[in-house]
Amino acid sequence: MENEATTPENNSEQEQSIQFDNRLNLEELKQAVESLKAQLAKVIIGQEDFIELLIVGLLAEGHVLIEGVPGIAKTITEKLFAKSIKTNFSRIQFTPDLMPSDVLGTSILNSTSSNFEFKPGPIFSNIVLIDEINRAPAKTQAALFEVMEERQVTMDGKEYKMDPPFMVLATQNPIEQEGTYALPEAQLDRFIFKIKVEYPSLEQEIEILKSHHQRKEKKPLDLIEAVLTPDLLNKFRSQVHEIVIEEKIMNYIAEIVSRTRNHSHLFLGASPRASIAIMNASKAYAAVYGRDFVIPEDVKKVLNPVLRHRIILSPEREMEGMTTENVVEMITKSIEIPR
């Protein structure tokens, strides 16, 4: 009897039973995610983790910050990602002389009616790409605080709501690059993820060259089709909210975040907003893989993207070459994984 319980046939039957017992039908969501990945794979070589985190961030209703040196397809990936979703898209190039009104909009006097009329800026869109966000000064960065958190802009005492879905995708150069500003901690905290994009491997770079050569005169954007509508996205987001997360998993998340606040290697720990971001992202990851419940592995996958821009190393550890990822790993190893 024991041998029968561990046969591949029985394992398969158990998996089917688990899928059958899901409270939520996530098959449509899974297919949509695969379609999104397939569209981006027409142009983008590698970067699977990057693309998956973008999708998870979209489902979790978060904004995403992407960091990497110029020329590694940060901007083009975001533009292709936006085109694969049937929504409005705008791009803002941040520069040192950019003013808040260049982002949010401004009130202009109508000579006919003698009244001031609000002219919305490029932030009024669904998917907003902010290129080189850390090249603008603090006053321009501050213009994003309200709209990123509350999905609205207040101008002359009047509130202007953003049409859903609303997502900010921002790129930044590494802080040691010339002509960049450090983003305020309050703004960084509004990004659900900070994704670090690395150079491709040698094999991937060869594939990039082949792909670019084979496309000839075709532009990358012309190869991408919209496969997700706002209505479907709202449906999928509602399903993500319904994903089950047990109390022991929530305790696990809270314990990790709490330990960042009194860790000897950290100057600044994570806020409760980080705990919420980990929970929401974990639920989105579970949905992407067709599960209606969160497991500890979902939490582990999102820890670094959620925490790396929210915690600050002590000066001594930073001088030693330690990274925030090292500290997150130390913390997770010291906490028992819930089962």
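Rings of Phe, Tyr and Trp are taken to pair if their centres lie within 6.5 Å. In the predicted model, three aromatic pairs are present under this criterion. Phe-118 is buried, at a relative accessible area of 15%, whereas Phe-124 is partly exposed, at 25%. Both residues belong to a cluster, linked by ring pairs, that also includes Tyr-160.

A stacked pair is formed by Tyr-285 and Tyr-289, with 6.2 Å from centre to centre and 10 degrees between the planes. Tyr-285 counts as buried, since its relative accessibility of 5% falls under the 20% cut-off. Tyr-289, at 38%, is partly exposed.

With regard to the overall architecture, the protein comprises 16 helices and eleven strands. Its radius of gyration is 22 Å, close to the 20 Å given by the globule rule for 339 residues, and the protein is therefore as compact as a globular protein of that length. Along the principal axes, the C-alpha atoms fill a box of roughly 85 × 50 × 45 Å. Of the contacts with a separation of 6 or more, 77% are between residues 24 or more positions apart.

Buried residues account for 46% of the 339 residues. The accessible surface amounts to about 17,800 Å², and carbon and sulfur atoms contribute 51% of this area. The protein carries 38 positive and 51 negative charges, whose mean positions lie 4 Å apart.

Conventions
Residues numbered from 1 in each chain as written. Predicted model: local features only at pLDDT ≥ 70, side-chain atom pairs only at ≥ 80, totals over all residues. Heavy atoms only, no water. Helix = DSSP H or I, 4+ residues; strand = E, 2+ residues; numbered from the N terminus. Rg over C-alpha atoms; globule rule 2.2 N^0.38 Å. Buried < 20%, exposed > 50% of the residue type's maximum accessible area, 1.4 Å probe, protein only. Contact = heavy atoms within 4.5 Å. Areas by Shrake-Rupley, 256 points an atom, 1.4 Å probe, with all protein chains shown as cover. Lys, Arg positive; Asp, Glu negative; His and termini not counted. Charge placed at Lys NZ, Arg CZ, Asp CG, Glu CD. Phe/Tyr/Trp six-rings, centres within 6.5 Å; stacked < 30°, edge-to-face > 60°.
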